[in-house]
Amino acid sequence: MIPERFRPVLDEARPLAQRFVGAGHAVYLVGGLVRDLLADRPIRPDLDIDLTTDARPDQIRAVLDGWADAVWAQGERFGTIGARRGDRSFEITTHRSEVYQSDSRKPAVVFSDSIERDLSRRDFTVNAMALGLPEPRLIDPFDGVTDLLAGRLRTPLAPEESFLDDPLRMLRAARFIAGHGLEPDPAVVDAVVAMRERLSIVSAERI
C-alpha cells in the first residue's frame, strides 16, 4: 500500500509516465524525492521530479514533444533531458552508470536498460530506491527502506567500488550524516579513510 502522502507527487508524474509507457518505455520515480517521501520528510513545493527510464535521450525528447511547455538538453550527453509543464520541472534520465577512469576528472557515462543496474550505481542505499510508474510499485533491491528506518548510511555495492566510481560520494556521505542524521556503516568510514586521496581527481565545480 502506497501512503496517501505520496499521492500529490504521483498524480503530477502520472500523465508523463503514461506517455512513456504508451511509447513502450519503462519509467520510474527516483532520487531524493523517493527517499524523503518514505521518510515522511517535508517536500518542497518547487522540487524537481526526477525520473529514470530505459528510453534514450532522443526517445525522451519524442515523448516530451507536445506535452512539455519547455525542454532543455544541456545534460543530454549524460542522458538527462529537462522539461517543464506548468509550474513543475522534471528531469528525465536514461538508466546509466557513471564511472571515473583512473586518470580522468570527469565521469564516463554508460547507458543501461536495467533499473536494477541503474540503482546499483547510485551513491547510497537510501537513494537507490525507485517507484515504478504510472501505477506505483517500490523497487528496492538493496534494502534502502530498512536502512532508512534504521538511520544507517550504506552503499549498494562495496563502498570501495562506489567511491572508485565517483569519489565525490565521500563528501556526499558527510552531507547525509549531517543533514539526515544517518549513522555511517563502519565499512563506509573505513573506505573514506583509505581512499580520501581520490578526491583530488574530482573537478572543483562538482565539489
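Visitor: Which residues on the other side of helix 3 are exposed?

Guide: They are D58 and A62. Exposed means over 50% relative accessible area, buried under 20%, and partly exposed in between, with a 1.4 Å probe and protein chains only. Helices (H or I, at least four residues) and strands (E, at least two) are DSSP runs, numbered from the N terminus. This is a predicted model, in which local features need pLDDT of at least 70, side-chain atom pairs count only at pLDDT 80 or more, and totals for chains, interfaces and linings use all residues. Residues are numbered from 1 along each chain as its sequence is written, and side-chain values use heavy atoms, with hydrogens and water left out.

Visitor: Which residues of helix 3 are buried?

Guide: In helix 3, residues 57-64, the buried ones are P57, I60, V63 and L64. Their directions from the helix axis to the C-beta atoms fall within an arc of 115°, so they line one face of the helix. Just after helix 3, G66 has a positive phi of about 85°.

Visitor: Which residues are buried in helix 7?

Guide: R169, M170, A173 and F176 are buried there. They cover an arc of only 110° around the axis, which puts them on the same side of helix 7. Helix 2, strand 10 (152-153), helix 6 (159-165) and helix 8 (186-195) are among what covers them, where contact means heavy atoms within 4.5 Å.
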